[in-house]
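Hi everyone, thanks for coming. I'd like to walk you through one protein chain today, piece by piece, so please have a look at the screen.

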Amino acid sequence: MHRQNTLLTCLVLSVLTLSSSSYADFPSLKNEKVQSERSDGQTRSEPVVAPQNMEVAIKQAIDTSLQPFSGSVLLLRDGKTLLTVNKGRGINKNTSFVIASLSKQITATLILQTVDAGKLDLNSSLNSYLIDGLDLDTDEIQGGNSDSYTDSGSERDEDFDAKFETAPEPALEPEIPLDASNELEEAEKSDSSRSLQRIGSSKEVASPTIIYGIDVETAQNNPRFNPSRYNENITLHHLLSHTSGVDKLGKPNRFQPGSQFQYSNLGYSLLGEILEQVNQQTLAQQIANLKLTNRLGGLYAEVGTIDNIRQRAPSLAIGLNEAGSVLAPSGLELTKSLIPAGGIIATTQAFATFQQKLHSGRLISPQSYQLMTRSHTDIEFLWPDMSYGYGLRINREDGIIEYSHTGYLPGYMSMTLHYPEFDLDLVMLENISLNISDLDRVFELHNQIRASIRESLIYAKSLENRRLMDTKDKIDSTNKSEAQSETQI
């Protein structure tokens, strides 16, 4: 029996040593598989060879992309940089971008911090805060302190303040020839249907309705509603999970709250209003507090045109729209209502640091984090098997948990990925928005990068599982042999 325990200990230590290999060594899982037989007679499928290195695959995808790319990409594991890409005129590690719908992750975090402070209840109605509560003029809301979960330890965070860095190189000229023929449509797209490949245009560049993912206009004809109130059943939970069906005040709700998913930037704009109402502070100031408390030097919020904001924050990249065969400045204006849904500004490092602190439990309570990362509703998206939490898309395909979001605004695109099992983060911010009439083309590079990462992690996990199963088989075989020996004795 002593010999059995000794052998078991050695085998366990051996497999732990083997499984400590770098996950980044195994990027692109191919469909080719071989069948290996276990000692119990069952078979298992394993990839034939290790795919291309993850960092190499991502950089190669960017360098060989058929579409124009200008922006920053940051890949980290355990908070340490694996890959940094800064490509485009004037783009460097300190360049900041409008992060579009990645803003929702920050807004959701601020809401949950306020819940943790006892100032909000996720099950309370929208009306109880915006209609029945105090009617405060947001122009008179003063700065102040807000409660939050923070850490006081020394971190490898970004120390510079993106708003006061030296201005980058001059932006691209107003028109740049491209190999493209489609004319850009400033449009609204619904995450609730992958089939919306052609979308109506919108001329109001400053309106939140142009943000990628805005709900499509489907207001119902329902005479039984109070035009001075929102639907009485809408709660903060519904707004956070895009299941509210909320429409502008004075219009009937789009559907019964909680009955279905429909992506709503209006819902997140209302969450921003609630934060200002309850915390007696502008949302921009609350974001500034979040930045200062957590050392997120490249994170901030501003209102105005991009040109005006660049006078105060020269590191902000000018957003370029693809229109026909040229790239031209988008003319985007960031409004107060746009900030919580898609108008926050950040560098890749600032958002990556925010994301790491969020998922390591340093920004919100464990209870709030569990709610944020829970699948509250299934959604149809460009990627299969997706669900939505609070400000996050969730995928559990292939046994790997993925928290993600994408963003699109005229002049800016973005994507973030987080894999908690591997402590792997990717942040991708761009200052070019491709013609949204062809979504496959718009998100072709994002899909390639995500596929390379997932294939790498799937391969790494399959390799670890195979080692664990081999170890178990050896232990079972040893136990069987010893049992037979004892029987013979």
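I'll start with the whole chain, then go through some strands, and finish with some helices.

Quick housekeeping before that. This is a predicted model, so to speak of local features we need pLDDT of at least 70, and side-chain atom pairs count only at pLDDT 80 or more, while totals for chains, interfaces and linings use all residues. Residues are numbered from 1 along each chain as its sequence is written, and side-chain values use heavy atoms, with hydrogens and water left out.

Okay, the overview. The protein chain has 13 helices and 18 strands. When I say helix or strand, I mean a DSSP run, numbered from the N terminus: H or I with at least four residues for helices, E with at least two for strands. Of the 489 residues in the protein chain, 53% are buried. Buried means under 20% relative accessible area, exposed means over 50%, and partly exposed is in between, using a 1.4 Å probe and protein chains only. Now contacts, meaning heavy atoms within 4.5 Å. Take the contacts in the protein chain with a separation of 6 or more: 70% of them come from residues 24 or more positions apart.

On to the strands. In general, strands of a sheet pair through backbone hydrogen bonds, either parallel or antiparallel. Here, two strands pair if DSSP finds at least two bridges between them.

Let's look at strand E3, residues 71-77. Seven of the seven residues of E3 are buried, so the strand is largely enclosed by the rest of the structure. Which way do they point? Gly71, Val73, Leu75 and Arg77 go one way, while Ser72, Leu74 and Leu76 go the other.

E3 has a partner in strand E4, residues 80-87, and the two pair in the antiparallel sense over seven bridges.

You can see Val73 opposite Met428 in E17, and Leu75 opposite Leu426.

So what about E17 itself? This strand covers residues 424-430, and seven of its seven residues are buried. Leu424, Leu426, Met428 and Glu430 point one way, with Asp425, Val427 and Leu429 pointing the other way.

E17 is joined to strand E16, residues 412-419, by seven bridges, and these two run antiparallel as well. Look for Ser414 standing opposite Leu429 in E17. E16 and E17 form a hairpin with four residues between them, and Asp423 in the turn has a positive phi of about 50°.

There's also an open sheet of three strands, in the order E9-E8-E18, with mixed pairing. Its edge strands are E9 (326-329) and E18 (432-433), each pairing on one side only. E8, residues 320-323, pairs with E9 in the antiparallel sense over four bridges. There, Glu322 has Leu327 in E9 as its bridge partner.

Now helices. H3 has 14 residues and reaches 20 Å from its first C-alpha to its last, close to the 20 Å expected at 1.5 Å a residue. That expected span is 1.5 Å times one less than the number of residues. In H3, 12 of the 14 residues are buried, so this helix is largely enclosed by the rest of the structure. After H3 comes Gly118, with a positive phi near 80°.

How do H3 and H6 meet? Their axes come within 10 Å and cross at roughly 40°. Axes here are lines fitted to C-alpha atoms, for helices over the stretch in contact, and angles run from 0 to 180 degrees between N-to-C directions. Residues in this contact include Leu110 and Ile111 in H3, and Tyr268 and Leu271 in H6.

Last one: H7, residues 283-294, has 12 residues and reaches 16 Å from first C-alpha to last, close to the 16 Å expected. Its buried residues include Leu283, Ile287 and Leu290. The buried residues of H7 pack against several elements, among them H3 and H6. H7 is followed by Arg295, whose phi is positive, near 55°.
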